[in-house]
Amino acid sequence: MAELERALLRTRAFVSLLRCTGMRSITAVTLRLDQFSEVGDGVLLLKRMERKCGSARNVEKPVYVCVVPHVDPKLCPIVHIATALGNREIDPAYELFAEGFTRKPGQDYVSFATMVQRRYIAILQCAAVAIGVPALFAEKKLHAFRVLCTNVMG
């Protein structure tokens, strides 16, 4: 049961961070703790690399995003991330959202990230069934995270 709870908390943190930053889920799955830094008043600065620029793929560029506390703690991505991490010591190089997955030697980033994304899509699909809306994502399962940014479930 504890493993299921951790997976649900991690999923909520993942979706919450995607929703507030607008980043692609494939980029977020390997975010590390050391990519975040506190800049004051509870605001976090996230420095990440984007692998897509408009329609150009395989282009790396640094992106900086401020994650600010939400006025409602129930909707705050910082609270969600802290809850998902719990009260444990974590290596700064820890990938926050890829827990339980290990990149195989020679495995490219996209295939690794796709495995992690599929876990989150499956968890979200289970949540949709649990709340009585099994067709919430329907044919848009691959774009579930983008749907969540504009969807009431988000």
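1. Among contacts in the protein between residues at least 6 apart in sequence, 48% join residues at least 24 apart. Contact here means heavy atoms within 4.5 Å. The model is predicted, so local features need pLDDT of at least 70 and side-chain atom pairs count only at pLDDT 80 or more, while totals for chains, interfaces and linings use all residues. Residues are numbered from 1 along each chain as its sequence is written, and side-chain values use heavy atoms, with hydrogens and water left out.

2. The protein has five helices and three strands, in the order α-α-β-β-β-α-α-α along the sequence. Helices (H or I, at least four residues) and strands (E, at least two) are DSSP runs, numbered from the N terminus. Of the 154 residues, 39% are buried. Buried means under 20% relative accessible area, exposed means over 50%, and partly exposed lies in between, with a 1.4 Å probe and protein chains only.

3. On helix packing: two packed helices are described by the angle between their axes and the distance between the axes. The axes of α1 (residues 2-21) and α3 come within 8 Å and cross at roughly 155°. These axes are lines fitted to C-alpha atoms, for helices over the stretch in contact, and angles run from 0 to 180 degrees between N-to-C directions. The helices α1 and α3 are therefore roughly antiparallel to each other. The cut-offs are: under 35 degrees roughly parallel, over 145 roughly antiparallel, 65 to 115 roughly perpendicular, and the rest oblique. The crossing of α1 and α3 is left-handed, a term used if the near helix is turned anticlockwise from the far one by less than a right angle (right-handed if clockwise).

4. Which residues make the contact of α1 and α3? From α1 they are Leu 9, Arg 10, Arg 12, Ala 13, Ser 16, Leu 17 and Cys 20, and from α3 they are Pro 77, His 80, Ile 81, Thr 83 and Ala 84. By class, seven residues of this contact are nonpolar, three polar and two charged. Ala, Val, Leu, Ile, Met, Phe, Trp, Tyr, Cys and Pro count as nonpolar, Asp, Glu, Lys and Arg as charged, and the others, Gly among them, as polar.

5. Helix α1 also packs with α4, at an angle of about 105° and with the axes 10 Å apart. The pair α1 and α4 is therefore roughly perpendicular. Ala 7, Leu 8, Arg 10, Thr 11, Phe 14 and Val 15 in α1 meet Arg 119, Tyr 120, Ile 123 and Leu 124 in α4. The residues of the contact of α1 with α4 divide into seven nonpolar, one polar and two charged.

6. The loop between α3 (77-85) and α4 (109-130) contains Glu 99. A polar contact of 2.6 Å joins the side chains of Glu 99 and Arg 10. A polar contact is a pair of N or O atoms within 3.5 Å; within protein, one must be able to donate a hydrogen and the other to accept it, and residues adjacent in sequence count only if both atoms are side-chain atoms. Not counting residues up to four places away in sequence, Glu 99 touches Arg 6, Arg 10, Arg 88, Tyr 94 and Arg 119.

7. Phe 97 is also in the loop between α3 and α4. Is Phe 97 buried or exposed? At 2% relative accessibility, Phe 97 counts as buried. Leaving out residues up to four places away in sequence, Phe 97 touches Arg 10, Ala 13, Phe 14, Leu 17, Ala 28, Val 29, Leu 31, Val 116, Arg 119 and Tyr 120. Phe 97 and Ala 84 are 13 residues apart in sequence, with their C-alpha atoms 9.6 Å apart.

8. Glu 50 lies in strand β2 and is buried, at 6% relative accessibility. Its side chain makes polar contacts with those of Arg 48, at 2.7 Å, and Thr 27, at 3.5 Å. Beyond neighbours within four places in sequence, Glu 50 is in contact with Arg 24, Thr 27, Val 59, Glu 60, Lys 61 and Val 63.

9. Asp 41 is in the loop between β1 (36-40) and β2 (43-53). Its phi is near 55°, a positive value in a residue other than glycine. Asp 41 is exposed, with a relative accessible area of 77%.
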